[in-house]
Amino acid sequence: MAMARYLGIASALAATSLAQFTPEKLISAPRRGALSPSGDGSVALLSVSQYNFSETASHSSWSLLDLKSGEFKDSGLNISEVSEAVWIPGTDSGIVYINGTNEEIPGGVTLWIGDIKDPSKSTLAASLDAPYTGLKIAKTESGDIHFLVNSLAYPNGTAVNPETEVKPKHTGRFYKDVYVRHWDTWLTKNRYNVFAGALSANSSYGLAHPGLRNLNHGVNWTTTRSETPVQPFGDSGDYAISPDGKLYAFLSKAPQLNKANYTASYIYLGEVAGTAAPVAFNGPDSEAFEAGHQGASGLPSFSPDSSKLAYVQQDEDYYESDRWQLYTVDVAAANGSVATSNWKALSAGFDRWVQGPLTWAHDGSSIYATAEDYARVKIFNFPIIADANYVPEPLTSNTSVTSFSLLKNNDLLVTASAIWTPVEYYTLTNGTKNTIFIAAESDPEFSDLSADHVSEIFFNGSDPNLKQQLQAWIIKPSNFVENKTYPLAFYIHGGPQGSWGNSWSNRWNPAVWADQGYIVVAPNPTGSTGFGQYLTDAIQGRWGGYPYYDLVNAWEYINSELTSFVDVENGIAAGASYGGYMTNWIQSNDLGDKFKALVTHDGISQTKAAWGTEELWFIRHDYNGTVWESEAYDKWNPFDHIANWSTPQFVVHNTLDYRLPESDGIALFNVLQNVGVPSRFLNFPNENHWVTKQENSLFWHKEIFNWINHYSKGEPLDDEPAGN
């Protein structure tokens, strides 16, 4: 058996080596961050990391990109010490940065001020008592630098320093209300909070008295448990400081609603130098609230003259995939508080989600933002005088924007990606694109990838009320040969309110799957985002309805139109999260018989067990109510169709996935095994809903590819998995 196992692995590795774009290349290639341009627009700062399999370690650095020549150079900042850096407004190249070490206070950090032209001459500005992150700054009229940071905080409002934190002797977790854990973390009494401080120009930019002030702690913290950034994905985009340094804004979950059952959050406003508690201007009894906009808020952003605030908000208070709309409101300091007026909607007629970053034009006349549109994230511009019927035209087209900035000369500096490249940097000048750097044309790991291997198709959906065709991506292997067929890899996206877009992924990367010798087809069925809110909403209460029959239609389109290069007889299907659920539903229905193998990653197999989630708002909304009220749990339950299960299935479910607990995946595997369906189970005890650690990712790819290549192509199967 040992020799058989060795030969199986050797054969699998030999097959993988024939691929052009391998998992090893995906995982070990350079990963570059979004560009942050200097005040004069000559250079941009970015982070770069790269994993080395031989050393089993990542190496990171801060780099500078010359925006004219396209050349990279070392920034002079030591990334092992410098965790983040921001540009000083009104300067060409001044920076403030956080050093992750503090010799005076172990576990704390320090703030430094300097110039990117010579960071070695930076001076210490402040010693902070905890590991603060998320630095945002503004330069005041007097020359002081006001700043915001965030940190985990105790109930008394002081920041948590892990080095000095006093923990109880017992390990018990004790709760009196739902919302006991979230994503991959059990909740404690501590919450993330925003802190404000000032660096005084009169003391060579030393920390001004009385130090840092907890802004959330003014929101009746002990009863409402105000938290900013909102976990688990909130960041410095959840708060803002006005350009004149006088005002701040942050979002926090609705204090009157249970956080497991509702998504609602409000924007709080206050004075940086004041002492009054911040007030939620769009909370209950506000004009926005009374107009029906009562859901989650986000992306607060002040205008250049500090007189207006832009933000986005959803209408429904327990629907995380409601349409994000753009609003503005006039703001002004008034007797220790902040007065608001002239609240206005800017995107009511735009049937897309307005997303960040929200970037004001230099003259304050309009706001740039992004939105997903037909499987591509594009930049749009909204004039502040826009009426309710205004629909903006996209400023970008084919690739997907991940971030952008407005340069001093009004050019847009864009960071983007596509299925064929992890990053693309370019400027946009009056609609003209000027490419600075494309990773696929520079990094050898991506040399075989090309836009020529990516195309899209449109097919009919199953919803009779849908007035548009559905879209799907086709990704061919990089060594594609005409007049040859390749097995189908049917990709099913998660969400379910999500999409397969023309963007890069370091986890479910279609180019890696294609280069195993497959034609990847990635449909966007009912529930998908970026094609109008009707399609997104239509999945509610119909998880196994329209989306399933859309996928049937997609498969039939492939079978009738693409068989000149797609082998549907030996196809496989794979999906994660909702895509994992749909894979289980496909296993339960006729479409499952069309595939040689299935892969389900962290997906629901027993719908009633989904109440083990922490995000009860999600399951309540998507299943039209609670498990004791709605018939949808029984109607769309794969476990009620076990008799139909027959296609070999690979199951992945991770221990730290608290959104969809691992017991669901174990139950699925137990049933598959007991009814005699060939199956494997893969678990990572240190991963959550995703697999992000490099060595885990490599193992994930190798075992899944071994599985699908065996059943689709007849390659040897590793017959001795670990643990058996």
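Strand β33 (residues 470–475) is mostly covered, with 6 of its 6 residues buried. Welcome to a quick tour of this structure, which is a predicted model.

**β33 and its partners**

- Both faces of β33 are covered: Leu 470, Ala 472 and Ile 474 point one way, Gln 471, Trp 473 and Ile 475 point the other way, and all are buried.
- On one pairing, β33 meets strand β32 (residues 454–459) in the antiparallel sense, over 6 bridges.
- Within that pair, Leu 470 of β33 has Phe 459 standing opposite.
- Strand β35 (residues 519–524) also pairs with β33, again in the antiparallel sense, this time over 5 bridges.
- Here Trp 473 has Ala 522 of β35 as its bridge partner.

**β34 joins in**

- Strand β34 (residues 486–492) is largely enclosed by the rest of the structure, because 7 of its 7 residues are buried.
- β34 and β35 run parallel and are joined by 3 bridges, and Phe 490 stands opposite Val 521 in β35.
- With strand β36 (residues 566–576), β34 forms a parallel pairing over 6 bridges.
- The bridge partner of Ile 492 in β36 is Gly 575.

**A hairpin elsewhere in the chain**

- Strands β25 (residues 355–360) and β26 (residues 366–372) pair in the antiparallel sense over 3 bridges, and Gln 355 stands opposite Thr 370 in β26.
- This hairpin has 5 residues between the strands, and Gly 364 takes a positive phi near 75 degrees.

**Nonpolar cores**

- Which residues touch the most other members of the largest nonpolar core? They are Leu 488, Phe 490, Trp 513, Tyr 581, Met 582, Phe 595 and Trp 700, in a core of 101 residues.
- Setting aside neighbours within four places in sequence, Trp 700 is in contact with Arg 507, Trp 508, Trp 513, His 601, Val 652, Leu 682, Phe 684 and Val 691.

**Helix α8**

- Helix α8 (residues 578–588) is mostly covered, with 11 of its 11 residues buried.
- Its buried residues include Tyr 581 and Met 582, two names also found in the list for the largest core.

**Cavities**

- The structure holds 3 cavities of 30 Å³ or more, and the largest cavity has a volume of about 90 Å³.
- The largest cavity is lined by 14 residues, with Trp 543, Ser 577, Ile 604, Phe 618 and Leu 660 the closest to its centre.
- Helices α8 and α9 (616–622) are the elements that give two or more residues to this lining.
- Sorted by class, the lining of the largest cavity has 8 nonpolar, 5 polar and 1 charged residues.

**The second largest pocket**

- About 1200 Å³ of space lies in the second largest pocket.
- Among its 30 lining residues, Phe 174, Tyr 175, Leu 187, Thr 188 and Lys 189 lie nearest the centre.
- Which element gives the most to the lining of the second largest pocket? Helix α3 (residues 221–224) does, with 3 residues.
- The lining of the second largest pocket comprises 12 nonpolar, 9 polar and 9 charged residues.

**Two single residues**

- Is His 653 buried or exposed? Its relative accessible area is 1%, so His 653 is buried.
- His 653 is found in the loop between β38 (649–652) and α11 (662–674).
- Not counting residues up to four places away in sequence, His 653 touches a set of residues including Asp 602, Leu 660, Glu 662, Asp 664, Leu 682 and Phe 684.
- Between His 653 and Leu 698 there are 45 residues of sequence separation and 16 Å in space, C-alpha to C-alpha.
- Tyr 239, in strand β17 (residues 239–241), is buried because its relative accessible area is 0%.
- Tyr 239 and Ser 93 are 146 residues apart in sequence and 24 Å apart in space, C-alpha to C-alpha.

Methods
Residues numbered from 1 in each chain as written. Predicted model: local features only at pLDDT ≥ 70, side-chain atom pairs only at ≥ 80, totals over all residues. Heavy atoms only, no water. Pairing = 2+ DSSP bridges. Helix = DSSP H or I, 4+ residues; strand = E, 2+ residues; numbered from the N terminus. Core = buried A, V, L, I, M, F, W, Y, C linked by side-chain atoms within 4.5 Å. Buried < 20%, exposed > 50% of the residue type's maximum accessible area, 1.4 Å probe, protein only. Contact = heavy atoms within 4.5 Å. 1 Å grid on protein atoms, 1.4 Å probe; cavity = no way out; pocket = protein on both sides within 12 Å on 5 of 7 lines; lining within 4 Å. Points joined across faces, edges and corners; volume = space filled by probe spheres on them. Nonpolar A, V, L, I, M, F, W, Y, C, P; charged D, E, K, R; others polar.
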